[in-house]
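Here is a friendly walk through the side-chain contacts of one model. Have the viewer open and follow along.

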Amino acid sequence: MNNNLISYGIYFSTFLLNMYLGKKFKKSKINEKNGIVYNIISTIIIFMPLIILSGRRVNVGTDYWSYYSYPNALGSLNVIEYINIYSFKEIGFFLICKLCYLFNNRYIIYYLLTYLICYFIFIFYKKNKRDLDLPMVIFIFCLFFFPKSLNITRQILAVSILLNAFYNIGIDMKKYILFTIGAISIHTTAIISLVVLPYFLIKQIKGKYLEISLVIIYTIISFIVIYCFRYYFASDYVNNSGLYSGSNLLQLLILLLQFVFMIFYRYILKIRNMEYDKWLLIFFYGILFFVVYKNYQWGFRISYYFLIALIYVVPKVWQLLKRNTIFNIGNKFLIISFYILQFILLYGTLKYDEIFPLIFR
């Protein structure tokens, strides 16, 4: 049998098992409990299949061997040595490598990074558990973000941390700052997430016409900032090689379709929710980044900082479709089919990232 078909089978089986565990957890009493200890244990229970898959894989993801070498290359340094060489750049990731180095096991970094990604996804759900369906949170994470985490693991960890930073905009700015600093300490490019902050500050201004004018000005400035951002990290990340440009076009089409669906459901389901609109705007920024960087090998990576809004928007819509009417059942089928299909259609990109085929130790 074709190795790629077997890989699809393993991926989907793991995803389904995770959704099943999420469904069971949602109905359990522990779902009502809060606290760091409960969150740590719950993450292990719910996401164990994904953590094992990530930890047991070998040579899956173009950056696989880089992560294999990080615990020794960075972890062998003490904090002073690291700061002297790298300053404070990505010191959060250094501390993770330091922890892995203490265990004297290079493979532990794969388990730990995936666990941390799942942990930040889970605590985001806990903050929104009244609005979001946990199995659907897992579904979107598995099909849209987890495969990429097998390659750009560090960046997806930063993305999952920023998910919680975005949540705290307008709610608790101290936590917003802390989560943002945490994300930047894992991957420097997370600093671009700050581009959305002024908009939400503008929203606090009273006066409709003044607000509209400032939003228009801010959007123009944001576009310029996003365009200029490529030069900030040019030496490290930019590669205008035009790789898999056809796949880029397909990805852009998928993003645009999702945005149309979001707006459609906003009006059909009569969602008058400022929180929903906030995540809609954040997702739009993801599309904006992708358009600006569509010819760059790393363009889609940067957009992930904002596309993480899917973790809120889709489960929110799903929760509103909970009544078993023909309309709701039809739309649920459409949502599930769409994300399964996009996972299959993006095979070319995932193959390029060496996510296929799956190989285990």
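## Cysteines

The sulfur of C142 lies 7.9 Å from the closest cysteine sulfur, which belongs to C118, and that is too far for a bond. A disulfide here is a pair of cysteine sulfur atoms within 2.5 Å, and by this rule the count comes to zero disulfides. C97 is likewise in no disulfide, its nearest cysteine sulfur being that of C100, 6.3 Å away.

C97 counts as buried, at 0% relative accessibility, where buried means under 20% relative accessible area, exposed over 50%, and partly exposed in between (1.4 Å probe, protein chains only). C142 is buried too, with a relative accessible area of 1%.

## How to read the model

This is a predicted model, in which local features need pLDDT of at least 70 and side-chain atom pairs count only at pLDDT 80 or more, while totals for chains, interfaces and linings use all residues. Residues are numbered from 1 along each chain as its sequence is written, and side-chain values use heavy atoms, with hydrogens and water left out.

## Aromatic pairs

A pair of aromatic rings is described by the distance of the centres and the angle of the planes. Rings of Phe, Tyr and Trp (its six-membered ring) pair if their centres lie within 6.5 Å; planes under 30 degrees apart count as stacked, over 60 as edge-to-face and the rest as tilted. By this rule the count comes to 41 aromatic pairs. Take Y70 and F93: their ring centres are 5.2 Å apart and their planes stand at 85°, so this pair is edge-to-face. Y70 sits in helix 3 (residues 64-75) and F93 in helix 5 (residues 91-102), so the pair links distant parts of the chain, 23 residues apart. Helices are DSSP runs (H or I, at least four residues), numbered from the N terminus. Y70 is partly exposed at 23% relative accessibility, whereas F93 is buried at 3%.

Now turn to W279 and Y312, a stacked aromatic pair with 5.7 Å from centre to centre and 20° between the planes. W279 belongs to helix 14 (residues 274-292) and Y312 to helix 16 (residues 310-320), so they tie together parts that are 33 residues apart in sequence. Both W279 and Y312 are buried.

## Salt bridges

Side chains of opposite charge can pair when their charged atoms come close. A salt bridge is a side-chain nitrogen of Lys or Arg within 4 Å of a carboxyl oxygen of Asp or Glu, and a search of the whole structure finds six salt bridges. One of them joins D133 and K26, at 2.9 Å from N to O. This pair links distant parts of the chain, 107 residues apart: D133 is in the loop between helix 6 (108-127) and helix 7 (134-149), and K26 is in helix 1 (residues 3-27). D133 counts as buried at 12% relative accessibility, while K26 is partly exposed at 26%.

R154 forms a salt bridge with E90, and their closest N and O atoms are 2.8 Å apart. R154 lies in helix 8 (residues 153-167) and E90 in the loop between helix 4 (79-86) and helix 5, so the bridge ties together parts that are 64 residues apart in sequence. R154 is buried at 10% relative accessibility, and E90 is buried at 12%.

## Arginines and rings

R266 is buried at 16% relative accessibility, and D277 is partly exposed at 23%.

The charged end of R266 also sits over the ring of Y267, 5.3 Å from its centre. A charge sits over a ring if NZ of Lys or CZ of Arg is within 6 Å of the ring centre and within 35 degrees of the ring normal. The charged end of R361 sits over the ring of Y107 in this way, 3.8 Å from its centre.

## A glutamine in helix 13

Q258 lies in helix 13 (residues 245-268) and is buried, at 1% relative accessibility. Leaving aside neighbours within four places in sequence, Q258 is in contact (heavy atoms within 4.5 Å) with F144, F283, L310, F338 and Y339.

How values were computed. Helices (H or I, at least four residues) and strands (E, at least two) are DSSP runs, numbered from the N terminus.
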